[in-house]
Amino acid sequence: MIKATLLYGHPVDAAAFEKYYYETHLPISSKMANVSKVDLTKFVSDPTGGKPAYYRMADLYFPDAITMQQTMASPEGLAAVADLSNFATGGVTVLIGAVENIL
């Protein structure tokens, strides 16, 4: 299994980010086929209780790298990527990784 991790920087307006994310972006991105699982995280602090390095994280899981590439290149995947600039005012860092389950 492979996953794409999107790390969202702190937005200019958190309330506007949340509204757009849930009402517009998630419905757009939910149209992507072949996504096995999605985990969404809203960070509350860093380990010392201070401001976290990132505001939110989204993990999108795919069966394999080829499926992920095909999904992201589809009209639905391209629409989801194009939509990021409409709300992610703190920027987005994307990481791709192979999932290793040890438990």
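Modeller: Let us begin with one term: a residue is called buried when its relative accessible area is under 20%, exposed when it is over 50%, and partly exposed in between. Please bear in mind that this is a predicted model.

Colleague: Why does Tyr8 count as buried?

Modeller: The relative accessibility of Tyr8 is 1%. The limit for buried is under 20%, and therefore Tyr8 counts as buried.

Colleague: What makes Phe17 buried?

Modeller: Phe17 has a relative accessible area of 2%. Buried requires a value under 20%, so Phe17 is buried.

Colleague: Why is the pair of Tyr8 and Phe17 called edge-to-face?

Modeller: A pair of aromatic rings is described by the distance of the centres and the angle of the planes. Ring centres must lie within 6.5 Å to pair, and planes over 60 degrees apart count as edge-to-face. The centres of the Tyr8 and Phe17 rings are 5.5 Å apart and their planes stand at 75 degrees, so the pair is edge-to-face.

Colleague: Which members of the largest nonpolar core touch the most other members?

Modeller: They are Leu6, Tyr8 and Phe87, in a core of 16 residues. Two or more residues of this core come from each of β1 (2–8), α1 (14–29) and β3 (56–62). With four residues, β1 gives the most to this core.

Colleague: Why is the contact between Glu18 and Arg56 called a salt bridge?

Modeller: The rule asks for a side-chain nitrogen of Lys or Arg within 4 Å of a carboxyl oxygen of Asp or Glu. In Glu18 and Arg56 the closest N and O atoms are 2.9 Å apart, and the pair forms a salt bridge. This pair links distant parts of the chain, with Glu18 in helix α1 and Arg56 in strand β3, 38 residues apart.

Colleague: What are the relative accessible areas of Glu18 and Arg56?

Modeller: Glu18 has a relative accessible area of 15%, and Arg56 one of 4%. Buried means under 20%, so Glu18 is buried, and so is Arg56.

Colleague: How many salt bridges are counted by this rule?

Modeller: The count comes to four salt bridges. Among them is the one between Lys19 and Glu23, with 2.8 Å from N to O. Both residues lie in helix α1, four residues apart, which is about one turn of the helix. Lys19 is partly exposed at 49%, whereas Glu23 counts as exposed at 54%. Asp39 also forms a salt bridge, with Lys37, where the closest N and O atoms are 3.6 Å apart. Asp39 counts as partly exposed at 25% relative accessibility, and Lys37 counts as partly exposed at 44%.

Colleague: How do you know which class of residue lines the largest pocket?

Modeller: By class, its lining has 18 nonpolar, three polar and no charged residues. The space in this pocket is about 340 Å³. Of its 21 lining residues, the closest to the centre are Leu6, His25, Ser29, Met32 and Leu60. Helix α1 gives the most to the lining, with four residues.

Colleague: What is stated about the phi of Asn34?

Modeller: Asn34 has a positive phi of about 70 degrees, although it is not a glycine. Asn34 lies in the loop between α1 and β2 (37–42). Its relative accessible area is 48%, so Asn34 is partly exposed.

How values were computed:
Residues are numbered from 1 along each chain as its sequence is written. This is a predicted model: local features need pLDDT of at least 70, side-chain atom pairs count only at pLDDT 80 or more; totals for chains, interfaces and linings use all residues. Side-chain values use heavy atoms; hydrogens and water are left out. A nonpolar core is a set of buried Ala, Val, Leu, Ile, Met, Phe, Trp, Tyr and Cys residues joined through side-chain atoms within 4.5 Å. Buried means under 20% relative accessible area, exposed over 50%, partly exposed in between (1.4 Å probe, protein chains only). On a 1 Å grid over the protein atoms alone, a cavity is a set of points where a 1.4 Å probe fits but cannot get out, and a pocket is an open set with protein on both sides within 12 Å along at least five of seven lines; lining residues have an atom within 4 Å of a point. Grid points are joined across faces, edges and corners, and a volume is the space filled by probe spheres set on the points. Ala, Val, Leu, Ile, Met, Phe, Trp, Tyr, Cys and Pro count as nonpolar, Asp, Glu, Lys and Arg as charged, and the others, Gly among them, as polar. Rings of Phe, Tyr and Trp (its six-membered ring) pair if their centres lie within 6.5 Å; planes under 30 degrees apart count as stacked, over 60 as edge-to-face and the rest as tilted.
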